[in-house]
Each structure stands twice: as C-alpha cells, then as structure tokens.
Amino acid sequence: MEAKVLIIMGSDSDWKIMEKAVQTLKAFQVGHEVHVASAHRTPAKALALSREAHGRGIDVIIAGAGAAAHLAGVLASETPLPVIGVPINGTALQGVDALYAMVQMPSGVPVATMAIDGAKNAALLAIQMLGIKDAGLRQKFLEYKESMAREVEAKDEKLQAQLKAMGE
C-alpha cells in the first residue's frame with residue numbers, strides 16, 4: 001500500500017496520541033508512514049521529510065507535537081502539501097501552549113489544527129482530503145459517518161427503553 005499520509009511527531013512520547021491517527025488510517029486502508037523529527041532538535045531531518053514528501057507521492061502531512069509545537073508550522077513552511085497539526089498535551093499547560101503555537105500561524109503558512117490530542121480527527125480530515133480525488137475512499141468515509149449515526153440512534157433507542165421502564 002503506497003503511503004499517502006506522512007505522520008511526523010516531535011518525540012516518541014507523542015506516539016500514545018499519534019497512534020490513534022495510524023489506527024484510523026489503517027481502518028480506512030490508507031497508506032502512511034510515521035517518523036519522529038523535531039523542529040528544534042533535528043530540524044534538518046524535519047525539513048527534509050517535508051520538502052521531499054510531495055515528490056514521493058505523499059498527499060497530506062499530519063504533525064503532532066507538544067510544548068512549543070513549532071513542528072507543524074516548520075513542515076508547512078517547506079511543502080506545498082496540506083499540513084494538519086495535532087497539539088499534544090504534554091506539559092503543565094495541558095496542551096494549550098501547543099494549540100496556540102499551531103493556530104497562530106502567520107498569514108501564508110496555513111496549518112489545519114485539530115483539538116488537543118485530536119489525532120483521530122487529523123486522520124479523518126486527511127481521509128476526507130484524499131477522498132476529493134478518490135471516490136472509493138470518499139464512499140468509505142460516507143459509510144463511516146452512516147455507521148456513527150446508526151450507533152447514536154441505537155444508543156437513543158436504548159435510553160428511551162430505559163426511561164420507559166422507569167415510568168418517564
């Protein structure tokens with residue numbers, strides 16, 4: 001399966017969150033690769049991964065980082081590909097510092113930013129982006145949304161039955 005999504009995290013400690021993106025991409029059978037590269041400790045590696053991604057067939061980059069969280073912006077500055085940032089709760093500020101670093105990007109260097117620890121949504125957004133050109137993947141995403149709706153309806157039916165049994 002050819003990699004379409006590049007996931008880069010600033011530290012291996014981010015894996016416990018970023019693994020959710022990998023699991024989601026696997027569930028949709030989307031090829032991906034994963035690397036650790038730091039905007040501050042290994043900037044040459046991070047920049048090379050970003051610069052070379054589109055030439056290798058990557059279509060979307062997901063960047064997960066905590067603390068100062070400059071990774072997503074650094075990657076976005078060196079690629080024509082969309083970059084999705086995942087701020088990670090890894091400091092005393094509980095990820096708010098990372099969130100602010102990602103959403104305060106200067107004009108001209110966009111980073112689509114997820115909620116703190118929102119790696120699953122990052123993967124889902126990447127899937128939607130890929131679905132623009134891939135009708136099969138778009139159909140899988142539509143089926144996923146329908147499945148979520150059915151789950152909510154089943155939960156409501158269960159709740160209604162419980163309320164009825166209580167005389168509500």
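Helices (H or I, at least four residues) and strands (E, at least two) are taken here as DSSP runs, numbered from the N terminus. On that basis the protein chain has six helices and five strands, and along the sequence these follow the pattern β-α-β-α-β-α-β-α-β-α-α. The model is a predicted one, in which local features need pLDDT of at least 70 and side-chain atom pairs count only at pLDDT 80 or more, while totals for chains, interfaces and linings use all residues. Residues are numbered from 1 along each chain as its sequence is written, and side-chain values use heavy atoms, with hydrogens and water left out. The C-alpha trace of the protein chain spans about 65 × 40 × 30 Å along its principal axes.

The five strands form an open sheet with parallel pairing, in the order S2-S1-S3-S4-S5, where two strands pair if DSSP finds at least two bridges between them. Its edge strands are S2 and S5 (112–113), each of which pairs on one side only. Strand S1 (residues 3–9) runs parallel to S2 (residues 31–36) and is joined to it by six bridges; within S2, His32 is the bridge partner of Val5, and Val36 is that of Met9.

Contact, which means heavy atoms within 4.5 Å, involves Ile17, Met18, Lys20, Ala21, Thr24 and Leu25 of H1 together with Ala119, Lys120, Ala123, Leu124 and Ile127 of H5.

A search of the whole structure finds three aromatic pairs, where rings of Phe, Tyr and Trp (its six-membered ring) pair if their centres lie within 6.5 Å, and planes under 30 degrees apart count as stacked, over 60 as edge-to-face and the rest as tilted. The ring centres of Phe141 and Tyr144 lie 6.0 Å apart with the planes at 40°, so this pair is tilted. Phe141 and Tyr144 are separated by about one helical turn because they are three residues apart in helix H6 (residues 135–165).
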